Amino acid sequence: MTNSHIPDTLAPMVREVSAGGVVLRRMAGCWHIAVIEPRRDPVTPSPRKVKLSSALLALPKGLVDPGEKSDQAALREVREETGITANLITKLTDTKYFYVRSWGDKQRVFKIVSFYLLKYDSGKIDDISPDMRIEVQRASWLPLEEAADKLSYKSERDVARKALEYLVSHPEV
């Protein structure tokens, strides 16, 4: 018996580790968070995974670079995708999911994203480099109270709820 071909179900699964941030900023008497509208792939996402709305809204996140710590990756990704800098408050949670790449090798990927609660420090939202416009169409502020309804992905809506819970239990933020 030869192993010239391993069935897809037995092929090693690709793992990706990413980090992202929920950036808090107090404006007009209420907390807002930084969100991005990613450039959409030509393939429309499954309606089971994405909340239907006019714009796809997500939290800023991206791959952790080799040798980089996840909290530092979250701060870097926030800066690159939104144009703002932030300071670390605490780790909120890890989300885990599977997806199939819609480009290149079409491989199934197991992804872990560590999300951190961050506080706005400086910068202008949506002031991002032209190179980043390939990935991010727009960055904007969204009232935190609306995030659990307006973010497109269920896992990220849950992350926003955790951020709100943290604020309730830590009013000193």
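The buried residues of helix α3 pack against strands β1, β2, β3, β4 (84-100) and β5 and against helix α2 (144-150), where helices (H or I, at least four residues) and strands (E, at least two) are DSSP runs numbered from the N terminus. This is a predicted model, in which local features need pLDDT of at least 70 and side-chain atom pairs count only at pLDDT 80 or more, whereas totals for chains, interfaces and linings use all residues. Residues are numbered from 1 along each chain as its sequence is written, and side-chain values use heavy atoms, with hydrogens and water left out.

In α3 (residues 154-169), the buried positions are Glu156, Arg157, Val159, Ala160, Ala163, Tyr166 and Leu167, with buried meaning under 20% relative accessible area, exposed over 50% and partly exposed in between (1.4 Å probe, protein chains only). An α-helix has 3.6 residues a turn, so residues three or four places apart point the same way. The 16 residues of α3 reach 23 Å from the first C-alpha to the last, close to the 22 Å expected at 1.5 Å a residue, the expected span being 1.5 Å times one less than the number of residues.

Overall, the protein chain comes to three helices and six strands, which follow one another from the N terminus in the order β-β-β-α-β-β-β-α-α. Strand β1 (residues 14-27) runs parallel to strand β5 (residues 108-123), to which eleven bridges join it, and Leu24 stands opposite Lys119 in β5; two strands are taken as paired if DSSP finds at least two bridges between them. With strand β3 (residues 61-63), β1 pairs in the antiparallel sense over three bridges, Gly20 standing opposite Lys61. Strand β2 (residues 30-38) is likewise antiparallel to β1, with four bridges, and Met27 is placed opposite Cys30 in β2. The hairpin formed by β1 and β2 has two residues between the strands, and Ala28 in the turn has a positive phi of about 50°.

The largest nonpolar core has 21 residues, and those with the most contacts inside it are Val22, Leu24, Ile33 and Leu144; such a core is a set of buried Ala, Val, Leu, Ile, Met, Phe, Trp, Tyr and Cys residues joined through side-chain atoms within 4.5 Å. At least two residues of this core come from each of β1, β2, β5, α2 and α3, and α3 gives the most, with five. Leaving aside neighbours within four places in sequence, Val22 is in contact (heavy atoms within 4.5 Å) with Ile33, Leu59, Leu92, Tyr116, Leu117, Leu118, Val159 and Ala163. A second, separate core of 20 residues includes Ala74, Leu118, Ile125 and Ala139.

Glu77 lies in helix α1 (residues 70-82) and counts as buried because its relative accessibility is 6%. Not counting residues up to four places away in sequence, Glu77 touches Ala19, Pro60, Lys61, Gly62, Leu63 and Thr82.

Of the 173 residues of the protein chain, 42% count as buried, and residues 24 or more positions apart account for 69% of the contacts with a separation of 6 or more. The mean pLDDT, the predictor's confidence in each residue from 0 to 100, is 88 for the protein chain, and 86% of its residues reach 70 or more. Over residues 1-7 the pLDDT is below 50, and this stretch has one contact in the model beyond near neighbours in sequence. Residues 42-53 also have pLDDT below 50, with 17 contacts in the model beyond near neighbours in sequence.
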